[in-house]
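Let's take a friendly walk through this structure, looking at a ligand site and then at a few strands. Keep the picture beside you as you read.

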Amino acid sequence: MTVFLNGKFLPAGEAKVSALDRGFIFGDGVYELVPVYSRVPFRLKEHLARLERSLAEVAIRNPHSREQWRDIIFKLIDAQAFDDQGVYFQVTRGVAKRDHAFPKSAEPTVFMMSNPLVAPPAAQVEAGGAAVSAQDNRWLRCDIKSISLIGNVLLRQISAEAGAAETILFRDGRLTEASSSNVFIVRGGVIQSPPKSNLILPGITYDVVLELARDNQLPLQLADIGEKDVRSADEIWVTSSSKEVFPIVSLDGVSVGDGRPGPVFRRMHRLYQEFKQKVMRAGKREAVAV
Ligand code: PLP
């Protein structure tokens with residue numbers, strides 16, 4: 001696999017970073033993951049805007065212009081043998097003597113790789129997945145796409161050990177998100193999700209689902225959601241660039257609705273698949289705005 005490290009494309013096995021990199025020592029960096037369909041990145045502008053915001057919030061200099069990011073991403077995509085990709089890129093505060101305070105002079109480290117993007121198989125979507133819940137004990141800046149993911153890792157491991165697809169998180173009795181996805185519920189035909197705040201990652205897929213709901217006149221409400229309302233919801237979905245829109249059919253061993261993906265999910269899933277074919281997959285390189 002060809003990866004990108006600090007200005008160079010090279011085989012993954014040859015990409016070496018100093019042990020003093022603050023990404024390694026402190027988890028001091030941010031990242032992005034852009035889905036690529038038929039070799040064209042989806043919503044690159046929005047992903048780059050989210051990266052810029054993450055970098056600004058942690059005061060790491062953005063080492064590239066949007067045009068430079070786009071060119072590197074196109075080259076990285078071209079260096080892979082597969083058409084649908086998940087382009088991962090991270091920027092750390094760079095290499096410096098270990099000291100919590102920012103180094104006076106350090107160059108940000110840029111690392112990028114691209115892996116095959118595999119949507120959940122149809123049979124899995126048809127069956128839906130299980131989720132378990134946990135208290136959201138992460139920091140209070142979950143809106144920053146930080147590479148310090150130990151909180152998310154520990155929370156995801158709870159569902160992994162339970163053989164479940166995701167861990168759904170509650171903070172102070174309210175739904176936040178899941179360990180690596182956003183969460184939607186349906187109650188009485190209304191699609192609901194928490195509004196963007198410092199407690200959740202502003203998902204690009206979350207935005208797509210909101211747009212599809214609005215464009216198709218599906219009732220939608222962004223508001224705080226209590227734990228009880230999640231546990232008695234008719235439907236629960238999780239969304240992310242890799243999971244797309246995925247139905248959760250049991251929470252902590254209790255069936256959601258009748259234990260099968262619900263009608264509003266089916267509608268949204270169809271809309272998302274149509275959108276993928278007509279918009280995401282039909283994108284043209286020349287038309288990728290940054
Ligand atoms: N929330 C968390 C904690 C995530 O890690 C992710 C994606 O990895 C998301 C939400 C969904 O974001 P997106 O739709 O941009 O993939």
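A word to begin with: two strands pair if DSSP finds at least two bridges between them. Please also remember that this is a predicted model.

With that in mind, look at the hairpin of strand 10 and strand 11. Two residues lie between these strands, and G188 in this hairpin takes a positive phi near 55°. Strand 10 covers residues 182–187 and strand 11 covers residues 190–193; they pair in the antiparallel sense over three bridges. Across this pairing, V186 stands opposite I191 of strand 11.

Strand 11 also pairs with strand 12 (residues 220–222), in the parallel sense and again over three bridges. Here I191 has L220 in strand 12 as its bridge partner.

The space it takes is the largest pocket. Elements giving two or more residues to the shell around the ligand are strand 9 (174–178), helix 6 (204–215) and strand 13 (235–240).

How many residues surround the ligand? There are 16, and the closest are R50, E177, I204, T205 and S241. Sorted by class, this shell holds three nonpolar, 10 polar and three charged residues.

| Residue | Ligand atom | Distance |
|---|---|---|
| T205 | oxygen | 2.6 Å |
| E177 | nitrogen | 2.7 Å |
| K145 | oxygen | 3.4 Å |

On its own, the ligand has 390 Å² of accessible area, and the protein covers 90% of it.

Definitions and conventions: Residues are numbered from 1 along each chain as its sequence is written. This is a predicted model: local features need pLDDT of at least 70, side-chain atom pairs count only at pLDDT 80 or more; totals for chains, interfaces and linings use all residues. Side-chain values use heavy atoms; hydrogens and water are left out. A residue is near a molecule or strand if one of its heavy atoms lies within 4 Å of it. A polar contact is a pair of N or O atoms within 3.5 Å; within protein, one must be able to donate a hydrogen and the other to accept it, and residues adjacent in sequence count only if both atoms are side-chain atoms. Accessible areas come from the Shrake-Rupley method with a 1.4 Å probe; for residues, only the protein chains shown count as cover. On a 1 Å grid over the protein atoms alone, a cavity is a set of points where a 1.4 Å probe fits but cannot get out, and a pocket is an open set with protein on both sides within 12 Å along at least five of seven lines; lining residues have an atom within 4 Å of a point. A molecule sits in a cavity or pocket if more than half of its atoms lie within 2 Å of its grid points. Helices (H or I, at least four residues) and strands (E, at least two) are DSSP runs, numbered from the N terminus. Ala, Val, Leu, Ile, Met, Phe, Trp, Tyr, Cys and Pro count as nonpolar, Asp, Glu, Lys and Arg as charged, and the others, Gly among them, as polar.
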